Amino acid sequence: MKLILLGPPGAGKGTQAQRLVAKYGLVQLSTGDMLRAAVKAGTPVGRQAREIMAKGNLVPDAVVVKIVEQRIEQPDARKGFVLDGFPRTVPQAAALDRILSERGIALDGVIELRVDEDALIKRIESRVAEMANRGEKLRDDDNPQVLRSRLQAYREQTAPLISYYRHQGMLRTINGMASIPDVTAAIDAALPQGPAEARPSGAAAHMKGSNTAKSSRLSPAKAIGKKSDMPRGEVKRRPPAAPKTAMGKRKQGQTGQR
Ligand code: AMP
């Protein structure tokens, strides 16, 4: 299974990615983690990224695309992966399309964790205060001011990916404000049915417009959770030519919590 987790910083992508790793044996490909490791090791990429990350801005596309391309080449990524924090711009998404199609890899779906920005800022403010009280070390970018820059970067550069993947029929929107187990259950319900190896994949399945590809992917965008939980501004609607998918055939009751 090859998935993307999409959502603003603090939405819980890392937590949910780890749960997917534990449950489905996927590899978590977090560009944030890879960049932090590069900063720590003092590599040329790390030196280039350090300041940018501390300000909450995005590292140049070419840098992250190269990192992801090299990481996807590793043998452990072959069994399946969850991309956490990548892509973050439309050019990164286009590069990912190229990287995957050159290798005959089909993406199974994109899970958007939708959250309320004000609640996120309040959440991080109280976490920072608690950590400071306990005398714990904070990440350079772990403060409300940097979070605001990161949210702005998300709104301006990453949010366009929502329609990018919606048009590909890959997007599934989950209410990220629910509890961690509820979000996990909603993601579970949104995943294609059946073990990954039983589902079609490969170059043919990846081709745009291929029915095979669409049948192996997630259902089109559909909000899980109450409408009132969702931030304003984004109108959810089902694309007119919604492909019939595994989700469409799912029986009632199968989508509940496990
Ligand atoms: P994260 O841990 O995913 O929130 O990422 C931490 C920081 O790393 C971000 O605020 C960016 O500065 C940088 N970063 C991570 N992933 C990317 C990406 N795909 N594109 C550009 N910058 C990224």
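## Ligand shell

In this predicted model, the shell around the ligand is made up of 8 nonpolar, 6 polar and 3 charged residues. The ligand is surrounded by 17 residues, and the closest are T31, G32, L58, V59 and G85. The most comes from α2, which supplies 3 residues.

## Packing of α4 and α5

Helix α4 (residues 61-72) packs with helix α5 (residues 90-102) at an angle of about 25 degrees, and the two axes lie 10 Å apart. Angles under 35 degrees count as roughly parallel, so α4 and α5 are roughly parallel to each other. The crossing of α4 past α5 is right-handed.

On the α4 side, the contact is formed by D61, V64, V65, V68, E69 and I72. Their partners in α5 are P91, Q92, A95 and I99. By class, the residues of this contact divide into 7 nonpolar, 1 polar and 2 charged.

## Q152 in α7

Helix α7 spans residues 144-158 and includes Q152. Is Q152 buried, exposed or partly exposed? A residue is buried if 20 or more other C-beta atoms lie within 10 Å of its own, and exposed if 12 or fewer do. Q152 has 14 C-beta neighbours inside 10 Å and therefore counts as partly exposed.

Q152 and G56 are 96 residues apart along the chain, while their C-alpha atoms are separated by 9.1 Å.

Note on methods: Residues are numbered from 1 along each chain as its sequence is written. This is a predicted model: local features need pLDDT of at least 70, side-chain atom pairs count only at pLDDT 80 or more; totals for chains, interfaces and linings use all residues. A residue is near a molecule or strand if its C-beta atom, placed from the backbone, lies within 6 Å of it. Helices (H or I, at least four residues) and strands (E, at least two) are DSSP runs, numbered from the N terminus. Ala, Val, Leu, Ile, Met, Phe, Trp, Tyr, Cys and Pro count as nonpolar, Asp, Glu, Lys and Arg as charged, and the others, Gly among them, as polar. Axes are lines fitted to C-alpha atoms, for helices over the stretch in contact, and angles run from 0 to 180 degrees between N-to-C directions. Angles under 35 degrees count as roughly parallel, over 145 as roughly antiparallel, 65 to 115 as roughly perpendicular and the rest as oblique. A crossing is left-handed if the near helix is turned anticlockwise from the far one by less than a right angle, and right-handed if clockwise. Two residues are in contact if their C-beta atoms, placed from the backbone, lie within 7 Å.
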